[in-house]
Amino acid sequence: MLGYAIEVNDLRKEFQVKKKNEHFWKKKNKEKEIFVAVDNINFDVKKGEIFGFLGPNGAGKTTTIKMISTLLRPTSGTIIVNGENVVENPIKALTNIGTVLAGERSTYWKLTGRENLEYFAAMHGITGKKAREKTDYLLKRLELDKRADETVEKYSTGMKQRVALAKALIAEPNILILDEPTSGLDPQSARNLREIILEIKEEGRTIFLTTHYMEEADQLSDRIGIIDHGKIIALDTPQNLKNNLNKTNIINLELDNWTEDVLEKIKEIPAIENVTSKFNENTQNFEVKVHVSNGSETVSNLITSTISSGIKIINFRVEEPTLEDVFINLTGKSLRE
Amino acid sequence: METTIKKPSVFTAMGAVFKKEFKIAFRYPTWFISMLIWPILLPLGYVFTAKALSGTDTSSLVSFATLTGTSDYKTYMLIGTVMWSWMNSILWSFGTSLRVEQVRGTLESNWLCPVPKISLLLGYSLFDMIFSIIYIPIIVLEFKLVYNFHFVGSPLLALLVLLVSIPAVYGIGFIFASLVMWVKEANSMVFLVRGMIMVFCGITYPLAVLPNWMRNVSKFIPITYSINALRAVITEGVSVGDIKSEIFILLIFGAVLMTLGLLAFNYTQKRVKSSGSLGQY
């Protein structure tokens with residue numbers, strides 16, 4: 001498959017943030033701050049691939065998606081979708097794109113699933129028999145056919161998300177943009193949706209996907225771009241990203257206590273790169289993940305520092321890096337923080 | 001996978017919006033009942049106030065007829081309230097249409113369709129116009145039954161006045177819809193605009209009773225001319241020649257307000273696309 005479906009060059013988006021006065025009667029503060037949401041990023045999405053776009057909240061993912069799908073005007077830079085510049089020719093660019101934005105309220109809840117699809121078909125120039133056929137096909141394919149004539153308000157979250165996906169597929173676009181498509185779904189619905197996404201890829205469509213779930217990105221994506229503070233900080237296949245981290249060891253500790261003092265103490269150990277922790281409600285213990293660049297020499301220091309702080313080590317293991325570790329290593333935080 | 005999608009025409013999109021809004025409207029049946037009752041209730045307050053002021057003596061009607069050219073004060077007031085109700089329904093439905101889509105969460109979904117965005121608003125205006133064509137005769141029939149509404153002139157000429165008012169009325173609607181999408185607050189703006197129309201356009205009284213400065217303001221509101229022309233046709237039975245200046249002024253207002261409406265829509269569209277506030281509440 002030759003060529004690129006999406007080409008993003010020097011893309012930048014700035015927002016003006018007005019400083020609010022404490023009291024409305026005070027003299028207006030004219031000062032405006034510039035917030036850079038997307039900072040001159042460059043990447044290409046190959047035709048037919050699933051491109052995973054990852055980043056913590058506020059990193060610039062949705063801003064990028066909205067610029068690609070013409071909802072937001074870039075401050076500078078270019079986006080080419082299937083050869084069409086989205087700023088200069090948005091309507092033509094949109095004929096190539098189907099988008100599912102984050103959140104479930106993107107369809108009409110007072111219309112049935114079928115009526116929603118027929119409406120959006122017409123808004124893409126598909127009417128009459130052709131619209132009915134496409135609607136029937138998608139309702140069946142996404143297992144919505146049995147409740148196709150009920151209003152969307154009566155659907156489960158998973159069904160609503162499938163209607164949104166069917167809406168994006170109604171005009172058979174070359175490129176599908178999915179912003180957190182499995183967010184809020186139960187595990188079974190999420191698994192079904194991931195299977196559908198892979199089937200869509202098999203049809204030869206390009207998929208640009210953002211997700212909060214690392215396993216999902218790992219399972220689905222051919223390549224992954226990681227964005228943080230508006231900049232692309234890594235871009236490669238999931239395997240290559242993990243291979244690059246191989247020189248780093250991931251040490252998992254299960255501890256009976258965890259304090260800021262211990263954190264500072266551990267951070268002072270040479271070769272420690274990142275430390276993240278979370279409290280496990282079930283075990284009532286703290287799970288601490290430590291990235292070290294020189295495993296064998298650091299392990300003893302790590303154990304000594306922990307024990308000398310009066311903390312009991314309940315479990316200790318060294319793991320192969322996952323995509324989540326790649327993310328933590330690059331950004332210093334977990335994806336869901 | 002290379003599929004070619006044709007751009008839909010503005011008319012296809014307008015038709016789709018019309019059909020969609022029609023279906024949604026009939027899934028909220030209670031609003032239709034209130035729409036039938038409201039035009040009857042609204043003038044009652046004015047009619048009873050007029051009765052209280054005039055008392056049993058008909059001499060006050062002579063003074064009213066001197067100012068208005070008719071002693072049929074009920075019909076006189078009903079014409080004003082019909083025009084006010086029409087404008088009010090346009091502000092609430094068409095004027096807030098984009099805001100409603102924003103609150104529903106569907107505005108961005110529509111913006112993602114490969115159609116000129118104005119077709120969404122045009123689709124809403126088509127729905128509203130067809131609704132008005134059905135609704136206004138129903139109001140007139142209700143007035144006939146409840147208030148003994150008296151139609152002296154030609155109904156076709158009255159219809160012509162309504163038709164030439166459409167561009168101006170919808171021009172205001174376009175400007176209003178764009179502003180509401182921008183400022184994201186509909187209620188206070190509807191109250192402000194319909195309040196201005198209520199006071200300055202002589203809904204229930206002749207403009208002659210207004211102070212000079214208010215009469216001057218009323219000249220810049222197209223509804224004033226629609227009400228004047230309709231009253232002349234319905235209560236006095238005038239011919240088209242007698243209201244040609246009103247028709248001409250309404251057409252000029254229509255051209256200016258439609259142009260301003262389209263400019264306001266384009267400006268708002270650019271602004272929300274730049275600020276990223278399109279889908280925000």
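The C-alpha centres of domain 1 of chain A and domain 2 of chain A lie 38 Å apart. Domain 1 covers 4–238 and domain 2 covers 247–320; such bounds come from an automatic or database domain assignment. This is a predicted model, in which local features need pLDDT of at least 70 and side-chain atom pairs count only at pLDDT 80 or more, while totals for chains, interfaces and linings use all residues. Residues are numbered from 1 along each chain as its sequence is written, and chains are lettered from A and ligands numbered from 1 in the order in which they are written.

## Overall figures

The C-alpha trace of chain A spans about 75 × 55 × 50 Å along its principal axes. Chain A holds 11 helices and 14 strands; these are DSSP runs numbered from the N terminus, with helices (H or I) of at least four residues and strands (E) of at least two. Of the 337 residues in chain A, 42% are buried. A residue counts as buried if 20 or more other C-beta atoms lie within 10 Å of its own, as exposed if 12 or fewer do, and as partly exposed in between, with C-beta atoms placed from the backbone. Among contacts in chain A with a separation of 6 or more, 71% join residues 24 or more positions apart. Two residues are in contact if their C-beta atoms, placed from the backbone, lie within 7 Å.

Strand β8 of chain A (residues 206–210) is mostly covered, with five of its five residues buried. In a regular strand the side chains alternate between the two faces of the sheet. On one side of β8(A) are T206(A), F208(A) and T210(A), on the other I207(A) and L209(A), and all are buried.

Strands pair if DSSP finds at least two bridges between them. Strand β3 (residues 50–54) of chain A runs parallel to β8(A) and is joined to it by four bridges; here F51(A) stands opposite F208(A). Strand β7 (residues 175–179) of chain A is also parallel to β8(A), over five bridges, and I175(A) stands opposite T206(A). From β7(A) the chain passes through helix α6 (residues 187–202) of chain A to β8(A) in a right-handed β-α-β crossover. Right-handed means that, with the strands pointing away from the viewer, the path from the first strand over the helix to the second runs clockwise.

## Antiparallel sheet

Another group of strands forms an open, antiparallel sheet of four strands in chain A, in the order β2-β1-β4-β5. Its edge strands, β2 (32–46) and β5 (84–85) of chain A, each pair on one side only. Strand β1 (residues 4–18) and strand β4 (residues 76–81) of chain A are joined by five bridges, and R12(A) stands opposite S76(A) in β4(A).

## Nonpolar cores

A nonpolar core is a set of buried Ala, Val, Leu, Ile, Met, Phe, Trp, Tyr and Cys residues joined through C-beta atoms within 7 Å. The largest such core has 140 residues, and those touching the most other members are A166(A), I170(A), F208(A), M83(B), M87(B), L230(B) and V233(B). Helix α8 (residues 155–183) of chain B gives the most to this core, with 15 residues. Apart from it lies another core of eight residues, including I251(A), L253(A), V288(A) and L302(A).

Leaving out residues up to four places away in sequence, F208(A) touches I6(A), V45(A), F51(A), F53(A), I175(A) and I177(A).

## Contact between the chains

The contact takes 32 residues from chain A and 30 residues from chain B. On the side of chain A that touches chain B, α2 (90–94) and α3 (113–122) of chain A are the elements that give two or more residues. The most come from α3(A), with four residues. That side of chain A divides into 13 nonpolar, 11 polar and eight charged residues. Ala, Val, Leu, Ile, Met, Phe, Trp, Tyr, Cys and Pro count as nonpolar, Asp, Glu, Lys and Arg as charged, and the others, Gly among them, as polar.

## Residues with positive phi

Most residues other than glycine have a negative phi.

A glycine with positive phi, G332(A), near 80°, follows α11(A). In helix α11 (residues 323–331) of chain A, the buried residues include L323(A), V326(A), F327(A) and I328(A), as well as D325(A) and T331(A).
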